[in-house]
Amino acid sequence: MGLPETSPFQLHSKYPRGPKNLISDVAGVTVGHSTINQGDIHTGVTAVFPHGGNLFLDKVMAGVSVINGFGKSMGLVQIEELGTVETPILLTNTLSSGIAHAALTRYMLEQNEDIGITTGTVNSVITECNDGRLNDIRGMHITEKHVREALDSASADFQEGAVGGGTGMVCLGLKGGIGSSSRTVVIDGRTYMVGALVMTNFGEAGNLVIGGVHYDTTKARSGERKDKGSVIILIATDIPLNERQLKRVAKRSAIALARTGSYCGNGSGDIAIAFTTANRVPHYSEKSILESRMFYDENIDIVFEASVESVEEAIISSLYHAETMTGIRGNCYMGLREFLETYGG
């Protein structure tokens, strides 16, 4: 998926796209959605699994960057402190963070009878954006059932656009949503993968930039000029990186935001989480000293660049795959393809 070869956009791509051009090109990563589209309700849940095993017992090394902290995500503090992710990562709307946390925690408790009894508790990771421009967010329509649907439907093949957590999102004056992309890199003679998944709900109408070309989206949304919303960025790789290096990778996603027209406005919660499947951290170990691999920092620019490319395309892909939607209070946001057909850019 990602942007198809037939799309009219010419993004700079120094590194080849992966076979699916999705975050799931990183082996083991899967994504599931639960989508609600009925009446004034346009919302949902997206679940991202870093690998297919027991994440609590076999954690992935991770780093987080809070580019702008206007947000209500959960679980970031422990990622910052310990440098690991030990649950699937959920993406949903702001006021559903609590129910998503409860449902994911219950899911993890079912898989791990030791949690809270013979070992500590679990750090469920929930991310969110405000979809209230299209969705009846005050109705708090997400239930634990929807969270489980997203978790149970996870697959290497998944939809982009107005689906899952991205159902009611708005980006740069157009319909936002879920987008994904990937890049391959050759390091020390071996091919590795970098993939990104985003939930786009950021930016000011009129600021959209694709491949260096400006698109005046105020034509589609007259009068809306304020940068409000958020973006969640997930970066996955099978490159051996430590938690410090993953935090550095996550920070670089701000460059992709800038390339597409964001200035990280006051009301935007811009959160990036990067993880690697190459360095695992066991919950239980008979050894006190664990071995892991890291990247030579002097050569790490290739990872930064591939990550920025992947995130940039994922953002544009979220717009490209999203269809025009009319939501609560009659608010209507055009999909990128309809915008191009109507206004020619």
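This is a predicted model: local features need pLDDT of at least 70, side-chain atom pairs count only at pLDDT 80 or more; totals for chains, interfaces and linings use all residues.
Helices are here DSSP runs of H or I with at least four residues, and they are numbered from the N terminus.

Helix α6 itself spans residues 336-343, and its buried residues are Leu336, Phe339 and Leu340. Viewed down the axis of α6, these buried residues fall within an arc of 95°, so they line one face of the helix. The packing partners of the buried residues of α6 are the strands β8 (174-175), β11 (208-210) and β12 (213-215), together with helix α5 (301-321).

## Helix α3 and its two sides

In helix α3, which covers residues 144-152, the buried positions are His146, Val147, Ala150 and Leu151. Seen along the axis of α3, the buried residues lie within an arc of 140°, so they line one face of the helix. The face of α3 that is turned away from this buried side carries Lys145 and Asp152, both exposed. The buried residues of α3 pack against β1 (30-38), β2 (41-49), β5 (89-93) and helix α2 (97-111).

Arg148 counts as partly exposed, at 24% relative accessibility.

## Strand β14 and its partners

Strand β14 (residues 267-282) runs antiparallel to strand β3 (residues 58-69), to which 11 bridges join it; within this pairing, Ala62 stands opposite Phe275 of β14. Strand β13 (residues 228-237), by contrast, pairs with β14 in the parallel sense, over 10 bridges, and Ile235 has Ala274 in β14 as its bridge partner. Together with helix α4 (residues 243-259), the strands β13 and β14 make a right-handed β-α-β unit.

Helix α4 also provides Arg244, which forms a salt bridge with Asp297, the closest N and O atoms being 2.9 Å apart. Asp297 lies in the loop between β14 and α5, so the pair ties together parts that are 53 residues apart in sequence. Asp297 is partly exposed, with a relative accessible area of 29%, and Arg244 likewise counts as partly exposed, at 40%.

## Ser181 and its surroundings

Ser181 belongs to strand β9 (residues 177-187) and is buried, with a relative accessible area of 0%. Its side chain and that of Glu313 are joined by a polar contact of 3.3 Å. With neighbours within four places in sequence left aside, Ser181 is in contact with Asn21, Leu22, Ile23, Val194, Gly195, Ala196, Ser310, Glu313 and Ala314. Glu313 also takes part in a network in which salt bridges that share partners join Arg17, Arg183, Glu309 and Glu313.

## A further salt bridge

The structure holds 14 salt bridges, and one of them is formed by Lys20 and Asp157, whose closest N and O atoms are 2.8 Å apart. Here too the pair links distant parts of the chain, since Lys20 is in the segment before β1 and Asp157 is in the loop between α3 and β7 (170-171), 137 residues apart. Lys20 is partly exposed, with a relative accessible area of 30%, whereas Asp157 is exposed, at 52%.

Note on methods
Residues are numbered from 1 along each chain as its sequence is written. Side-chain values use heavy atoms; hydrogens and water are left out. Buried means under 20% relative accessible area, exposed over 50%, partly exposed in between (1.4 Å probe, protein chains only). The arc is that of the directions from the helix axis to the C-beta atoms. Contact means heavy atoms within 4.5 Å. Two strands pair if DSSP finds at least two bridges between them. A crossover is right-handed if, with the strands pointing away from the viewer, the path from the first strand over the helix to the second runs clockwise. A polar contact is a pair of N or O atoms within 3.5 Å; within protein, one must be able to donate a hydrogen and the other to accept it, and residues adjacent in sequence count only if both atoms are side-chain atoms. A salt bridge is a side-chain nitrogen of Lys or Arg within 4 Å of a carboxyl oxygen of Asp or Glu.
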